[in-house]
Amino acid sequence: MEPLAVAVNDLVKRYGMTAAADGLSFEARSGEVTALLGPNGAGKTTTVEICEGYRRADSGSVRVLGRDPRDPALKTRIGVMLQSGGVPTNARAGEFLRLIASFYATPLDPAALLDRLGLTASARTSYRRLSGGQQQRLALAAAVVGRPELVFLDEPTAGLDPQARHATWELVEDLKAAGVAVILTTHHMDEAERLADEVVIVDHGRVIASGPPSSLTGAERQLRFRARPGLGLDELLSALPPATIAKESPAGHYVIEGDLVPELLATVTAWCASNGVMTEDLRIERRTLEDVFLELTGRELRS
Amino acid sequence: MTDLTFSPSPGAAPRSRMVRAQTAYELRTLLRNGEQLLLILIIPVALLILFSSAPLLDVGAGRRVDFLTPGVLALAVMSTAFTGQAIGTGFERRYGVLKRLGATPLPRSGLIIAKTLTVLAVEVLQALVICVVAAALGWSPHGNPATVILLLLLGTAAFSGFGLLMAGTLRAEATLAAANLVYILLLALGGVVFPLTKFSGGVRSVLELLPISALADGLRQVLQHGAGFPARDLVILAVWAVLGLALAARFFSWE
């Protein structure tokens, strides 16, 4: 059987008193997109940089394409996009991509790749004069030009405008279709939901949930609203059908799960009216990863 | 839309091709950098022309251009191998370029070789320009070219070692400031444009141990006076070279 693209088991990495990775485990497969999702400081970059061979783990095991991540033989097989920088400021976009391509035996055509990412007109522009989005796309191009088996993308769409984000997403989907294993970090829920086969939610250096987006969010619809904390949910539940569940998590955020028929919505709003409760963000929808994260941590992801 | 296939096809290019590509890239970016050109070419040539044509400094007996050209060659080596390399590499480290290249098949040794080849190629260019300008000013060199090349290579090794040590240990801004300061100090105190005989005995014997003084003096002994083998200067340069390269190898941090 083909080895896993990445297998991380009980990874620990400390910087002084803080643990950037604190017993973190996950797996990634070829032909799949694995998203490490979490707030800034959750330990995503540390984990990815250990997989890339930049840092050593304090303990735990990390295998990349079946090898030790610091094995030099991996350098031809993985592509890396750092969270920022990595390109000389005076290098021209096309010149830099051709340089990186020249390190590989059978690279992609740099000109075609620039074209694909909408950078042809900027090919002769120096890196420092590119917009933030163009810089990100050039770094992405450099990560894939060597035709790797495994690509690490650290926040590939941070700071991108919607159009550039979609160009990046389409490239990631093409990589996946070609059988490449893609590991990306993000704090955009929609990005993880759209792209990932497997989402690994990371917080404080630990995996707090993982699985395909649909299994994390569930298929059932929910009624969600915000209101003042501490509403008497038992009283509300007594007015609802027996199988209905209502919970407050975190404080002030209410979720009602059950058979979401129009009468249920009417009952809830009537109950709110008779109790003088003003709701906000009242909506009926499937759970999003945003909701999952909020319920698991009690915090907003991008706070 | 061009047809691109992303199907994996990993493999490194031959090492020689990687080093060639990196060297060509480094040379190209360096030669279109105005500040670097000022440092490595314009200042040395301007000093040569200025002090050769006008009796602004007392350079001792003999023709001024014969005294100045070896000193300016030494300055050119220092500006490329030390100052330029320290600043360029320091900012590459700061911007994560060294880190990013570390994730490619180009090995670190290949990157160092490419940087060294770049320095040597620039020095050939500098020497050509300086020799042509000096010849136009009436320069008449003596001595064995092989000894001159040996001196230049040892000087390059010494200055590269300390340039990379600085780039690999200090913050980029500190490297920028320190490399420029060292350049100016050594230009003034290293016997580049006026002889160390201007200093009193005690100070002078210390200044003679500087790599720039040893290089300038060694070149001057050969090119101006036709000496065969300036052993003392070669030994001083060799010691600096071993020291600088060993310290750089030990303390250089890539991130």
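How many helices and strands does chain A have? Chain A has 10 helices and 13 strands, where helices (H or I, at least four residues) and strands (E, at least two) are DSSP runs numbered from the N terminus. The model is predicted, so that local features need pLDDT of at least 70 and side-chain atom pairs count only at pLDDT 80 or more, whereas totals for chains, interfaces and linings use all residues. Residues are numbered from 1 along each chain as its sequence is written, while chains are lettered from A and ligands numbered from 1 in the order in which they are written.

The C-alpha trace of chain A spans about 70 × 45 × 40 Å along its principal axes. Of its 303 residues, 43% count as buried, a residue being buried if 20 or more other C-beta atoms lie within 10 Å of its own, exposed if 12 or fewer, and partly exposed in between, with C-beta atoms placed from the backbone. Taking contacts in chain A between residues at least 6 apart in sequence, 70% join residues at least 24 apart; two residues are in contact if their C-beta atoms, placed from the backbone, lie within 7 Å.

A nonpolar core is a set of buried Ala, Val, Leu, Ile, Met, Phe, Trp, Tyr and Cys residues joined through C-beta atoms within 7 Å. The largest such core has 90 residues, and those with the most contacts inside it are A:A35, A:L97, A:L138, A:A141 and A:V182. Helix α4 of chain A, residues 132–144, gives the most to this core, with 7 residues. Leaving aside residues up to four places away in sequence, A:L97 touches A:P110, A:L113, A:L114, A:L138, A:A141, A:A142 and A:V145.

Strand β11 is joined by 4 bridges to β12 (residues 253–257) of chain A, the two running antiparallel, and A:A246 stands opposite A:I256 in β12.

Where the chains meet, the contact takes 29 residues from chain B and 36 residues from chain A. On the side of chain B that touches chain A, α1 (15–31) and α4 (97–101) of chain B each supply at least two residues, and α1 of chain B gives the most, with 6 residues.

Terms used: Two strands pair if DSSP finds at least two bridges between them.
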